[in-house]
Amino acid sequence: MLSDFLYSLKELDFLFNLFGYISFRSGLSLITSFFIIIFLMPYWIRFQKSIFPRGQPIRNDGPDTHFHKKGTPTLGGVLILFSIIISSILWTSNFSSFNYILILTLILFGLIGFVDDFKKVKLGKGISSKTKFLSQLLVTSIIYFTIKYNGFDLNKFSIPFLKDVSIELGYLYFVLILLIVIGSTNATNLTDGLDGLVTMPLIFVFLTFAVFAYVLGNINFSDYLLVNYMKGSGEIVIFCTAAIGALLGFLWFNSSPASIFMGDTGSQSLGASLAVTSILLKQEIVLAVAGGLFVVETLSVMLQVTYFKITKGKRLFLMAPLHHHYEKKGISEQKIVIRFWILSFLFCLLALSLLKIR
């Protein structure tokens with residue numbers, strides 16, 4: 001880890017003391033991942049076009065405005081994950097188990113998404129829903145036991161509105177983790193349907209958890225705000241800012257009209273890493289609030305399917321997820337994206353207010 005090496009040189013010059021501060025290293029983490037994306041993405045886009053000319057397949061029953069997107073490279077998530085992992089390893093201090101669990105989450109869920117994306121660009125169809133779900137179940141179980149092996153408390157469910165109040169769940173916490181991780185993974189994936197739509201909300205949610213991690217990892221701030229101090233959790237800030245930098249760089253190319261999509265490789269792994277971040281910080285409810293846009297998008301799909309079955313063919317929305325409903329109503333893609341960004345920002349502000357509601 002580069003930060004530890006540079007900090008060890010503090011006797012040579014006082015400037016090396018800066019590498020002992022999370023705030024300084026978080027800035028470096030963001031900048032590093034951002035420029036990795038900015039420099040490498042053009043080459044990655046050209047490489048994909050030469051190797052996978054088929055690109056992103058488009059649903060025939062989707063909005064007519066999407067047909068021009070056919071053939072767009074869809075493996076942007078590979079480079080997003082690469083930049084986050086490199087930046088996190090470089091600037092994480094003292095072999096933080098927090099961040100290496102998050103990196104493991106990125107890699108395992110990224111592999112599931114990569115197989116799905118690869119089959120789409122090669123065969124025009126990804127892996128089956130059943131295979132995807134079973135893979136997510138297996139990977140979440142691996143992550144659960146990894147977290148448990150590293151000594152994290154996986155028995156108590158914390159209530160963010162109250163200090164030192166939690167519910168003893170025992171082994172039921174395993175079921176809860178399955179629901180949180182798989183739910184977050186698929187919710188993020190469902191939201192990734194328009195150019196830039198999921199990218200900015202992910203940035204907002206990662207920023208929210210960066211604030212929570214910094215507060216929980218600082219004994220003075222946690223005492224002032226009446227939240228439970230978690231030693232070492234401040235290092236999660238480095239991972240979150242690495243994700244923010246990578247997503248900002250990706251948005252440079254993913255903004256409308258998108259030159260590349262993140263695909264399941266990105267959306268699944270990033271959604272899962274947010275879920276695991278909330279679990280490590282014992283802030284699972286905060287994820288539901290900050291990720292309110294993802295929740296709304298998922299609920300729109302669930303309501304659509306349920307209503308369709310109950311009414312034997314009628315639809316509650318013109319199309320689900322919700323962003324497609326507004327497209328069908330004739331609202332422009334850019335306007336939908338910006339409005340959903342605004343909603344996501346408000347959800348994250350509400351989540352941050354939970355720091356003071358005790």
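1. Helices here (H or I, at least four residues) and strands (E, at least two) are DSSP runs, numbered from the N terminus. By that rule, Ala288 falls in helix H11. The model is predicted: local features need pLDDT of at least 70, side-chain atom pairs count only at pLDDT 80 or more, and totals for chains, interfaces and linings use all residues. Residues are numbered from 1 along each chain as its sequence is written, and side-chain values use heavy atoms, with hydrogens and water left out.

2. Stay with Ala288 for a moment. Buried means under 20% relative accessible area, exposed over 50%, and partly exposed in between (1.4 Å probe, protein chains only). Ala288 counts as partly exposed because its relative accessibility is 45%. Ala275 is 13 residues away from Ala288 in sequence. In space, the two C-alpha atoms are 9.4 Å apart.

3. Next, the core. A nonpolar core is a set of buried Ala, Val, Leu, Ile, Met, Phe, Trp, Tyr and Cys residues joined through side-chain atoms within 4.5 Å. The largest one has 97 residues. Which members touch the most others? They are Met41, Ile84, Ile147, Leu202, Phe206, Leu270 and Leu280. Helix H9 (residues 236-254) gives the most to this core, with 13 residues. In soluble globular proteins, nonpolar side chains tend to be buried together.

4. Contact means heavy atoms within 4.5 Å. Leave out residues up to four places away in sequence, and Ile84 touches Leu106, Phe239, Ala242, Ala243, Ala246 and Leu270.

5. Ile84 is one of the buried residues of H3. What covers them? The cover includes helix H1 (2-7), helix H2 (22-51), H4, H9 and H10. H3 has 16 residues and reaches 23 Å from its first C-alpha to its last. That is close to the 22 Å expected at 1.5 Å a residue; the expected span is 1.5 Å times one less than the number of residues.

6. Now see how H3 meets H9. Axes are lines fitted to C-alpha atoms, for helices over the stretch in contact, and angles run from 0 to 180 degrees between N-to-C directions. Helix H3 (residues 76-91) packs against H9 at an angle of about 145°, with the axes 9 Å apart. From H3 come Gly76, Ile80, Ser83, Ile84, Ser87, Ser88 and Trp91. From H9 come Ile238, Phe239, Ala242, Ala243, Ala246 and Phe250. By class, this contact has nine nonpolar, four polar and no charged residues. The classes are as follows: Ala, Val, Leu, Ile, Met, Phe, Trp, Tyr, Cys and Pro count as nonpolar, Asp, Glu, Lys and Arg as charged, and the others, Gly among them, as polar.

7. H9 has another partner. Helix H4 (residues 97-123) packs against H9 at an angle of about 35°, with the axes 8 Å apart. Phe98, Asn99, Leu102, Ile103 and Leu106 of H4 meet Ile236, Ile238 and Phe239 of H9. The contact of H4 with H9 has seven nonpolar, one polar and no charged residues.

8. Helix H12 (residues 292-310) has 19 residues. From first C-alpha to last, H12 reaches 26 Å, close to the 27 Å expected. Its buried residues are Gly292, Leu293, Phe294, Glu297, Thr298, Ser300, Val301 and Gln304. They pack against several helices, among them H6 (172-191), H7 (199-216) and H14 (333-353). Val295 also lies in H12, but Val295 is partly exposed, with a relative accessible area of 36%. The C-alpha atoms of Val295 and Thr191 are separated by 9.3 Å, although the two are 104 residues apart along the chain.

9. Last, check the backbone in the loops. Most residues other than glycine have a negative phi, and most peptide bonds are trans. Lys282 has a positive phi of about 60°. Lys282 sits in the loop between H10 and H11. Is Lys282 buried or exposed? Lys282 counts as buried, because its relative accessibility is 12%. Lys312 takes a positive phi of about 55°, in the loop between H12 and H13. Lys312 is exposed, with a relative accessible area of 80%.

10. Two peptide bonds deserve a look. The bond from Ser256 to Pro257 is cis, with omega near -5°. Pro257 lies in the loop between H9 and H10. The bond from Ala320 to Pro321 is cis, with omega near 0°. Pro321 lies in the loop between H12 and H13.
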